[in-house]
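Dear colleague,

I am handing over the structure we spoke about, with some notes to read alongside it. Please look through the chains first and then compare them with what follows.

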Amino acid sequence: MAKVTYSGVRESKPGRLNDLGSTGKEVSENYKKGCLKRADRSFAQGLQCQQINSMAALMSLEDSVFISHSPQGCVGCAIMAVDMYRVGQIHRGVRLVKNPRLIVTNIDQKSVVFGGEAKLREAVRKSVDRYNPKLAFVFTSCASGIIGDDIDAICESLQAEYPDTLLVPIHCEGFKSKICASGFDAAFISINKYILKHQKIAKEEGLINLFAPTTVSYADQKEMERMLSLLGAKVNYIPFYSSLEKIRKIPAAQASTSICKVFADEFMKTLEEDYDIPYSHTVMPIGIRNTDKWYRGIAKVIGKEKEVEEIIAREHERIEPLVKKIRDRLQGKRVFICGGTGRSFAAAALIDDFGMELVGLETPTYDDDAQIDIEYLNGIHKDFVIDIANMQPFEQVNLVNRLKPDAFIGVPEWAAKLGVPTTHVLDGKRPTMGYDGLLFLGNKIADQLENPGFNKKLAAHSKLPYKDSWYEENPFKYITEGGN
Amino acid sequence: MAYYIAIGSSDGINTDLKFGEVEKFLIYKVEGTDYELYEKREVADADGFAAKCGDKNGCSGSGHGCGGGEEVAAKVTAIEDCRAVVCKKIGFQAQKQFEKRAISVFDIETTITDALDKIAGYYNKIDNNRSLRS
């Protein structure tokens, strides 16, 4: 059979599911039996789309412009990545904080009827003339995908005019996939095709590619780099705050690993196939167990298994008394977790360090990796609800209101308004990862629980848009199996 | 359901007039993807709109255009039963006035048949909840 090129659509791989409401036990049994079906919702509220992830993944690259061939609203969601970029620069000591150069072609009705290619050509020309960047990324959108504008051809023809700028088209039409992480894959596929070009370069001893998602703070970056340097590795931290040169160095690495489980897993597979770079794909280093696992994973790839055990033992000795202090403050509290696929499972394992009890978990996708985590969680927590949902705040508020957790860890937008003490685990500004991040996060959760005044007051003064009757309903009422 | 599209054309073949230059709009009646010329609608009197601007060749003269004036309002009102208007160029103020009345604006220089084929095809699909991709 001919080798099928991975399209960047995560659903194309078997065993990836979205939209499901179940319990931890049930989901793991059904997945084992192969009984889980891809479902849909007859009512859905918001969805994180691929384009935003593609853009967010590259937003902090040096000397680049980002041209979004889309209606204006599509780039609105990039606000989070822009914020992260600005704050990230301050943390990194940049005095003159820059905005990413984000240009949108503003596809409108006329473009839909008569084609939007002229607008894109103009946008590319203007942005290259104005900024003279090294890299110009062109992103597709739902609208440009529907009308079928050929961005590859436009980029190719304009490339001849602008030899100093590398034009990179990225196919991230939002409707292609319901698994938003496909957006990262789309970006990496284009990077491989247009920047790395399958060219093998000389290996650099001890260089490790560290793929980091958007939401990793500078403190986390330093912690990860510290941990890897203890193993004698040099880190090529990509794609956040990197540059064309650093991206070009990807094939020179000895090994690669990713901070987030879902961020670069497909790309690391490609790197192994195309450039013989072995990779470690384990978990996200949040919590003692996961950090150990992540650390051992990468150490194994670079053949430092003995060294890593010594370091882990040393770190444990340092950290365990401190974790015990936090555990005394958090023991037995009931928690609801919501976050990206990698992070929410990592966070669920983390709360075990603190002796907390998991009552509910919301995560966008379910797959083989999630199954491993769920089996592990089922061993610790006897009964918890699992909601496979990309966003869908209405289900979350129903569940949180029903389960009445003592604490909420994850994306706190809505739970905060229900008066539950919340801790943001997707915090791209403060430490969450590694051994030191664990302490910070634990103390943050404990502080929140002891002083929930902000959430209490917020709940008293704000109202969510749902009727009381919705809170009585089955939270998974709108999930329809088989996608009808 | 049938609807109308107003076109600014000097020769009945091309959409070659700016909105300000149009004295007679060609009103096409569209049903599904079929269309026919329904009427020629007069929108300005003999020494009309363009003359008052002092620029026979359109509205670019003063740099202010005829934006927002009563003439624009009258002209917009004259074709407000249409679903869309097609001209070579349509100024910002006039576009806003059409937008308020939920009339689509297509400022494009092409042939009338090309414009109508594409616009009627587009409306036909969205009215019947069909994908624009097919």
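Two strands are taken as paired if DSSP finds at least two bridges between them. With that in mind, and remembering throughout that this is a predicted model, I begin with strand E14 (residues 407–410) of chain A, which is joined to strand E15 (residues 422–424) of chain A by 3 bridges, the two running parallel. Within that pairing, A:Phe408 stands opposite A:Thr422 in E15(A). E14(A) also pairs with strand E11 (residues 334–338) of chain A, again in the parallel sense and over 4 bridges, and there A:Gly410 of E14(A) has A:Cys338 opposite it.

Turning to chain A as a whole, you will find 19 helices and 16 strands. Its radius of gyration is 23 Å, close to the 23 Å that the globule rule gives for 484 residues, so chain A is as compact as a globular protein of that length. Along the principal axes, the C-alpha atoms of chain A fill a box of roughly 65 × 55 × 55 Å, and 48% of the 484 residues count as buried. Among the contacts in chain A with a separation of 6 or more, 74% are made by residues 24 or more positions apart.

Chain A is divided into domain 1 (50–196), domain 2 (207–307) and domain 3 (320–481). The centres of domain 1 and domain 3 of chain A, taken over C-alpha atoms, are separated by 33 Å, and 5 residues of domain 1 are in contact with 5 residues of domain 3. On the domain 1 side of that contact, the residues divide by class into 4 nonpolar, no polar and 1 charged.

Within chain A, A:Phe139 may be worth a look, and its place is in strand E5 (residues 135–139). A:Phe139 counts as buried because it has 33 C-beta neighbours inside 10 Å, where 20 or more are needed. Leaving aside residues up to four places away in sequence, A:Phe139 touches several others, among them A:Gln51, A:Met55, A:Phe66, A:His69, A:Ile170 and A:Cys172. Of these, A:Ile170 is 31 residues apart from A:Phe139 in sequence, yet 5.0 Å apart in space, C-alpha to C-alpha.

Helix H9 (residues 218–230) of chain A has 13 residues and reaches 18 Å from its first C-alpha to its last, close to the 18 Å expected at 1.5 Å a residue. Its buried residues are A:Tyr218, A:Asp220, A:Gln221, A:Glu223, A:Met224, A:Met227 and A:Leu228, and what covers them includes helix H3 (79–91), strand E7 (207–211), strand E8 (234–238), helix H12 (288–301) and helix H17 (434–450) of chain A. After H9(A) comes A:Gly232, whose phi is positive, near 80°.

Finally, the contact between the chains takes 7 residues from chain A and 8 residues from chain B. On the chain A side, the elements that give two or more residues are helix H4 (109–114) and helix H6 (142–147), with H4(A) giving the most, at 5 residues. By class, that side of chain A has 5 nonpolar, 1 polar and 1 charged residues.

With kind regards

How values were computed
Residues are numbered from 1 along each chain as its sequence is written. Chains are lettered from A and ligands numbered from 1 in the order in which they are written. This is a predicted model: local features need pLDDT of at least 70, side-chain atom pairs count only at pLDDT 80 or more; totals for chains, interfaces and linings use all residues. Domain bounds come from an automatic or database domain assignment. Two residues are in contact if their C-beta atoms, placed from the backbone, lie within 7 Å. Ala, Val, Leu, Ile, Met, Phe, Trp, Tyr, Cys and Pro count as nonpolar, Asp, Glu, Lys and Arg as charged, and the others, Gly among them, as polar. The radius of gyration is taken over C-alpha atoms; the globule rule is 2.2 Å times the number of residues to the power 0.38. A residue is buried if 20 or more other C-beta atoms lie within 10 Å of its own, exposed if 12 or fewer, and partly exposed in between; C-beta atoms are placed from the backbone. The expected span of a helix is 1.5 Å times one less than its number of residues.
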